[in-house]
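Dear colleague,

I am handing over the structure we spoke about, and you will find it directly below. After it I have set out what was found, region by region.

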Amino acid sequence: MQLFGLADCNNFYCSCERVFHPDLRNKPVVVLSNNDGCVIARSEESKALGIGMGEVFYQVKDKLEKNNVAVFSSNYNLYGDMSRRVMSLLSTYTPKLDIYSIDEAFLDLSDMGSQEWLTTYCRGMVKDITKGTGIPISLGVAPTKTLAKMASKFAKKYKGYQSVCLIDTDEKREKALRLFPVEDVWGIGHRHTKKLAYHGVHTAWDLTQRNESWIKKELTINGVRTWKELRGESCISVEELPHKQSICTSRSFSGIGLNRLADVEEAVANFTAACSRKLREGRIVCGAITVFAHTSRFCTDKPQSYIYRSVNMPVPTNDMQELVATAVRLLREEWREGCFYYKKAGVIVWDTCPDNAIQGYLFDTVDREKQAALAKAIDEINRKNGHNTIRMAIQGYSKNWHLKNEYISRQYTTNIKDIIRVKG
């Protein structure tokens with residue numbers, strides 16, 4: 001029987017922090033966005049206190065302090081490495097693993113025995129992953145990926161499942177569909193909620209009772225695929241999901257902003273390097289790049305400046321050196337001297353496509369094979385020795401443009417200086 005599993009890390013960012021702060025287990029924890037702007041992750045205890053997703057930090061700071069909530073700035077190096085550890089362990093339990101996001105992965109669990117044996121196997125997997133990484137996970141198993149994602153939510157919500165929910169019969173599927181709000185269905189989302197509610201569709205079960213032509217009319221062909229998956233017909237592959245059409249890395253600068261080219265240049269170089277890394281992780285390349293920077297729109301008494309420049313790449317690429325050099329060149333060409341204090345800057349890489357579908361250029365002077373080999377070596381060194389161990393000189397070490405992260409934890413797993421010391 002064809003079965004898919006969806007492994008989902010519980011409250012992933014908060015769980016990563018708890019691994020190295022075991023005293024925070026069963027206590028409220030929140031993680032903040034870039035520049036400590038708003039709440040982007042909450043433990044179950046924090047949710048119970050009424051702390052909402054996306055709440056502005058300074059508006060709830062007193063409430064957090066009053067309830068002794070542990071607050072952390074985003075530590076993406078730590079989260080990325082902990083994700084890699086979880087995925088590495090998951091890959092030992094299945095012949096095929098498809099990583100869907102930083103905290104989710106699909107597993108092929110087809111033809112692995114009886115229901116009882118599979119349930120035992122999956123609970124053992126959950127136990128071993130949690131013990132091996134410190135990250136609790138939930139596992140949903142079903143005949144389609146959409147149903148597996150639904151099952152993982154039940155596994156996370158109801159303790160009786162012991163972190164594993166198996167939907168392998170029509171009776172279980174119907175019961176799950178009747179209990180599941182349609183806005184939470186993977187592929188539907190909140191954008192269609194009002195329209196569906198108007199037509200009397202409130203649960204996943206209601207959706208499956210509509211005919212295919214109605215679904216196609218109201219939700220397009222992608223909605224039809226989701227509808228089929230909910231009815232038990234597998235037709236969605238992770239590889240077929242649309243890749244990101246663009247990737248943006250940007251940042252607002254603290255204080256009055258930056259007015260030196262060297263500082264903005266360094267920031268743009270680092271933003272571009274981050275975009276390049278994300279492209280390689282997603283196995284995609286970009287055909288164009290945009291650089292932007294602007295002064296504060298609210299300080300009307302100060303000189304205003306807006307930089308926005310795009311260029312097409314000769315050959316679609318994800319190479320850090322090529323992209324950084326291009327981004328810095330664009331910034332320099334648009335830079336204006338004067339009393340301009342740039343409050344925000346960023347880089348967008350767009351016009352993306354899979355890295356195995358690149359249209360070459362007859363007069364290309366770059367040795368793409370050597371370029372790719374060098375990038376692979378740099379990524380491997382940085383993975384083993386810590387983020388940005390090897391970087392381009394223009395990325396520098398200035399702190400002028402860095403994020404505000406007053407509550408950031410150490411990089412326990414990626415920086416040799418932050419390794420936990422055990423005292424005898």
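**A covered strand and its sheet**

Strand 10 is mostly covered, with 12 of its 12 residues buried, where buried means under 20% relative accessible area, exposed over 50% and partly exposed in between, taken with a 1.4 Å probe on protein chains only. Please keep in mind that this is a predicted model, in which local features need pLDDT of at least 70 and side-chain atom pairs count only at pLDDT 80 or more, while totals for chains, interfaces and linings use all residues. Residues are numbered from 1 along each chain as its sequence is written, and side-chain values use heavy atoms, with hydrogens and water left out. Helices (H or I, at least four residues) and strands (E, at least two) are DSSP runs, numbered from the N terminus.

Strand 10 (residues 284-295) pairs with strand 11 in the antiparallel sense over eight bridges, and among the bridge partners are Tyr308 of strand 11 for Phe292 and Asn312 of strand 11 for Ala288. Strand 10 is also joined to strand 12 by 11 bridges, and these two run antiparallel.

**Thr295**

Which residue of strand 12 is the bridge partner of Thr295? The partner is Tyr342. Thr295 itself lies in strand 10 and is buried, with a relative accessible area of 3%. Its side chain is joined to that of Gln304 by a polar contact of 3.3 Å, and the side chain of Thr295 also reaches the backbone nitrogen of Ser305 at 3.1 Å. A polar contact is a pair of N or O atoms within 3.5 Å; within protein, one must be able to donate a hydrogen and the other to accept it, and residues adjacent in sequence count only if both atoms are side-chain atoms. Leaving aside neighbours within four places in sequence, Thr295 is in contact (heavy atoms within 4.5 Å) with residues including Pro303, Phe340, Tyr341 and Lys343.

Phe363 is found in the loop between strand 12 and helix 13, and at 60% relative accessibility Phe363 counts as exposed. Phe363 and Pro314 are 49 residues apart in sequence and 9.3 Å apart in space, C-alpha to C-alpha.

At the start of helix 13, a side-chain oxygen of Asp367 comes to within 3.3 Å of the backbone nitrogen of Glu369. Helix 13 (residues 368-385) has 18 residues, and its buried residues are Gln371, Ala375, Ile378 and Asn382. Gly386 follows helix 13 and has a positive phi, near 115°.

Three strands form another open sheet, in the order 3-2-4, with mixed pairing. Strand 3 (39-42) and strand 4 (70-73) stand at its edges, each with a single partner strand, so one side of each is left without a neighbour in the sheet. The twist averages 25° from one strand to the next. Strand 2 (residues 29-32) pairs with strand 3 in the antiparallel sense over three bridges, and the bridge partner of Val30 in strand 3 is Arg42. Helix 1 (residues 12-19) packs on this sheet, touching strand 2, strand 3 and strand 4, and its direction makes about 110° with that of strand 2.

With best wishes

Methods
Expected span 1.5 Å × (residues − 1). Pairing = 2+ DSSP bridges. Axes fitted to C-alpha atoms, helices over the stretch in contact; angles between N-to-C directions.
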